[in-house]
Structure formats: C-alpha cells, structure tokens
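Hello,

Here is the structure we talked about handing over. Please open it first, then read the notes below.

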Amino acid sequence: MLSILIPTYNYNVYPLVTELKNQADTLGIAYEILVQDDASKTFLEENAEINLLQHCTYILNHSNLGRGNNINLLNNRAQFDYVLIMEADAFPEKKTYLRDLIAAVNQETQVLFGGVIYPNQKPEKDKLLRWKYGNERESIPLSKRLKKPYHFVFTWNLLLKKELLSSYHFPYNVKDYGYEDVVFIKQLKENAIPIQHIENRLVHYNSETNLIFIEKTKKAINTLHQLISDKKLELSDTKIGKAYRIIQFWQLDNLIRFLFKKLSKQMVTNLTSSNPSLIVLDLYKLGYFCLLNQKQHV
C-alpha cells in the first residue's frame with residue numbers, strides 16, 4: 001500500500017522512522033520505510049540501526065546526489081503504489097498522522113499535501129531567522145492553501161502515486177540545494193494533476209543557524225539561476241524572477257547590483273540580529289540574483 005521515502009543528510013532519522021513504524025504497525029497496513037542517506041559524515045551508526053527494524057531499510061550513498069535525485073532513486077526502489085515523501089528533520093504532529101493520511105485517500109487522489117508547522121518556542125538568536133521564515137512563509141493554514149493549491153505546497157509531507165513521480169521526476173541535473181521542488185510542482189500544474197490539501201501537519205524542527213540559512217539561500221538562488229538558464233524554469237515561475245523581470249524592464253539592473261554590493265554586509269547584520277526582517281531577506285535574495293545575472297541576461 002505505502003512506501004515512505006525519507007531522504008536524509010547528516011541527521012539522525014531513527015526517531016522519525018520508529019514513530020512512523022509504530023503508527024503503521026498499529027494500522028496493520030502493508031508498508032515499507034526507505035531511508036536514503038546522501039553521503040553523510042555524521043549519525044551513520046544511529047541510522048544504520050534502521051536496518052534492524054522490520055519493513056525498514058537504510059541505504060548510504062557513496063557520493064552526494066542532491067535531494068531531488070535522492071528522491072528519484074527512492075521512488076525507483078519503492079514497491080507500493082503510493083509513496084510518501086518525508087523530511088528527515090520533521091515529525092508528525094499527531095499519533096494518528098498515518099491513519100488520518102490514509103483516511104483522506106480516495107479514488108481521485110493523485111497528490112496529497114498535509115501541511116507544515118514550526119515549533120511554538122522561539123529559538124536562540126543565532127537560529128531565529130530560519131524559524132521566523134518557516135512560521136511566516138511556510139506554515140500556511142488549510143483555508144489559504146486551498147485557494148492556491150500549486151503555490152502553497154512542498155515536496156515533503158507529500159503523498160502521491162509512485163507512477164506519477166516516475167513520470168514527473170525531479171530534475172536530474174540539479175545536485176545543489178534549492179528549487180528542484182518548484183520544477184516538480186510546475187510539471188504537475190502544466191499537466192493538470194490536481195493536488196489535494198488536508199490538515200495533517202508535520203512539525204519542522206529545522207535548527208539551522210542564521211549564517212547557514214543565508215548560505216543555503218545563496219545556494220538556492222544559484223540553483224534557480226541554473227534552472228532558468230537551462231530553460232527548466234521561467235522568470236515568471238518565482239517571485240524573484242518576476243521581480244527581476246520588472247527590474248530589467250526599467251533598466252535598474254546596475255543600480256540594484258551596486259546597492260547589493262554596498263549594503264549586503266548591513267543586510268546580513270540585520271538577518272543575524274534578534275529581530276531579522278524577512279523583507280530584508282527578500283531584498284538580499286533579489287540583489288544576489290541580479291549579481292548572478294551581471295554578465296548574462298535571462
């Protein structure tokens with residue numbers, strides 16, 4: 001019935017696997033939990049214990065493939081008709097997570113998204129930015145998600161048919177962080193594959209420091225630039241791209257690049273402060289994207 005796919009990297013995913021296994025065993029369903037580690041250096045012993053659990057498998061990649069390729073391989077290994085993509089550092093909000101998920105599946109279900117929340121407790125200052133971003137930009141109530149089903153969706157806590165993921169796989173050429181999910185969701189939208197939304201959330205316990213999150217954000221913008229250059233995405237597919245198109249129209253490219261070079265250090269100071277601004281983060285991303293396009297118009 002269900003193959004649970006968990007891509008991971010440098011994270012102890014054993015507690016998540018045992019929780020999902022306990023819930024699945026209680027339901028008495030046919031299932032498997034497949035964990036694929038993308039060439040991690042830490043938590044290898046802890047995660048290797050997964051192989052001692054019935055219906056659970058842990059595989060360690062010898063080289064880093066990137067999240068999208070990792071999921072593609074997991075889907076190839078899956079034996080059941082439905083696959084559930086999880087995030088290693090997330091955890092079910094409820095003990096009835098799998099039961100409620102399966103109860104929502106009907107004959108029309110092709111893709112189903114359960115939603116995301118973040119812990120209520122405010123973290124320490126050096127981890128505040130990622131937590132604030134998650135709460136304000138990713139923790140979206142069901143009523144709002146239903147209005148824009150292709151916009152407010154992530155490629156985790158995502159249930160879909162295995163054959164669908166085989167047909168509309170993640171881009172193979174993306175090995176770095178970011179935007180591979182946008183390419184995937186775009187394929188679903190272009191092919192009129194409906195996304196069903198329910199309230200069955202995972203709590204995202206992301207504990208990245210501010211500086212690591214900023215660096216990952218820059219990597220994501222690099223990936224976005226690559227995907228647009230490779231014609232996998234258009235400028236109109238992302239907010240950054242749409243903003244950049246306006247900047248191009250008004251010939252403000254050089255001004256934005258100048259301001260970014262002049263003010264980027266002050267922006268990082270804000271983003272690592274006790275009151276980081278997500279507007280500043282948006283401007284930082286846009287400025288960096290303009291910088292990448294200094295010698296190439298997309």
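**Thr238 and its surroundings**

Leaving aside neighbours within four places in sequence, Thr238 is in contact with Tyr179, Val182 and Leu224. Thr238 sits in the loop between α9 and α10. Is it buried or exposed? Thr238 counts as buried, at 7% relative accessibility. One caution before going on: this is a predicted model.

The side chain of Asp237 meets that of Lys186 in a salt bridge, 2.8 Å from N to O. Lys186 counts as buried, at 18% relative accessibility. The cut-off for buried is under 20%, so Lys186 falls inside it. Asp237 is partly exposed, with a relative accessible area of 28%.

**The chain as a whole**

The protein chain has twelve helices and ten strands. Its radius of gyration is 20 Å, close to the 19 Å that the globule rule gives for 298 residues, so the chain is as compact as a globular protein of that length. Along the principal axes, the C-alpha atoms fill a box of roughly 60 × 40 × 40 Å. Of the 298 residues, 50% count as buried. Take the contacts between residues at least 6 apart in sequence: 78% of them join residues at least 24 apart.

Which residues of helix α3 are buried? In this helix, residues 67-77, they are Gly68, Asn69, Asn70, Ile71, Asn72, Leu74 and Asn75. What covers them includes three strands, β1 (2-8), β2 (31-37) and β4 (82-85). The cover also includes the helices α7 (162-167) and α8 (180-190).

Glu180 pairs with Arg67, and their closest N and O atoms are 3.4 Å apart. Glu180 belongs to helix α8 and Arg67 to helix α3, so to speak two distant parts of the chain, 113 residues apart. Glu180 is buried, with a relative accessible area of 7%. Arg67 counts as partly exposed, at 23%.

How many salt bridges does a search of the whole structure find? The count is 15. One of them joins the side chains of Glu208 and Lys216, at 2.6 Å from N to O. Glu208 counts as buried, at 14% relative accessibility. Lys216 counts as partly exposed, at 24%. This pair is part of a network: salt bridges that share partners join Arg130, Glu138, Glu208 and Lys216.

**Met86**

Met86 lies in the loop between β4 and β5 (90-92). Met86 counts as buried, at 0% relative accessibility. What does Met86 touch, leaving aside its neighbours within four places in sequence? Its contacts include Ile4, Leu5, Ile6 and Pro7. Leu16, Leu20, Tyr97, Trp156, Asn157 and Leu202 are also among them. Lys21 is 65 residues from Met86 in sequence, and their C-alpha atoms are 13 Å apart in space.

**A cavity and a pocket**

The structure holds one cavity of 30 Å³ or more. About 50 Å³ of space lies in the largest cavity. Which residues line it? They are Met1, Leu2, Tyr82, Leu101, Ile102, Val105 and Leu159. By type, that lining has seven nonpolar residues, no polar and no charged.

The second largest pocket holds about 180 Å³ of space. Its lining includes Tyr118, Pro119, Gln121, Lys122, Pro123, Glu124, Lys127 and Trp131. His204, Tyr205, Asn206 and Ser207 line it too. Here the lining divides into five nonpolar, four polar and three charged residues.

**Where to look first**

Start at Thr238, in the loop between α9 and α10. Then go to the salt bridge between Lys186 and Asp237. From helix α8, follow Glu180 across to Arg67 in helix α3. Finish with Met86 and its contacts, Trp156 among them.

Best wishes

Key
Residues are numbered from 1 along each chain as its sequence is written. This is a predicted model: local features need pLDDT of at least 70, side-chain atom pairs count only at pLDDT 80 or more; totals for chains, interfaces and linings use all residues. Side-chain values use heavy atoms; hydrogens and water are left out. Buried means under 20% relative accessible area, exposed over 50%, partly exposed in between (1.4 Å probe, protein chains only). Helices (H or I, at least four residues) and strands (E, at least two) are DSSP runs, numbered from the N terminus. Contact means heavy atoms within 4.5 Å. A salt bridge is a side-chain nitrogen of Lys or Arg within 4 Å of a carboxyl oxygen of Asp or Glu. On a 1 Å grid over the protein atoms alone, a cavity is a set of points where a 1.4 Å probe fits but cannot get out, and a pocket is an open set with protein on both sides within 12 Å along at least five of seven lines; lining residues have an atom within 4 Å of a point. Grid points are joined across faces, edges and corners, and a volume is the space filled by probe spheres set on the points. Ala, Val, Leu, Ile, Met, Phe, Trp, Tyr, Cys and Pro count as nonpolar, Asp, Glu, Lys and Arg as charged, and the others, Gly among them, as polar. The radius of gyration is taken over C-alpha atoms; the globule rule is 2.2 Å times the number of residues to the power 0.38.
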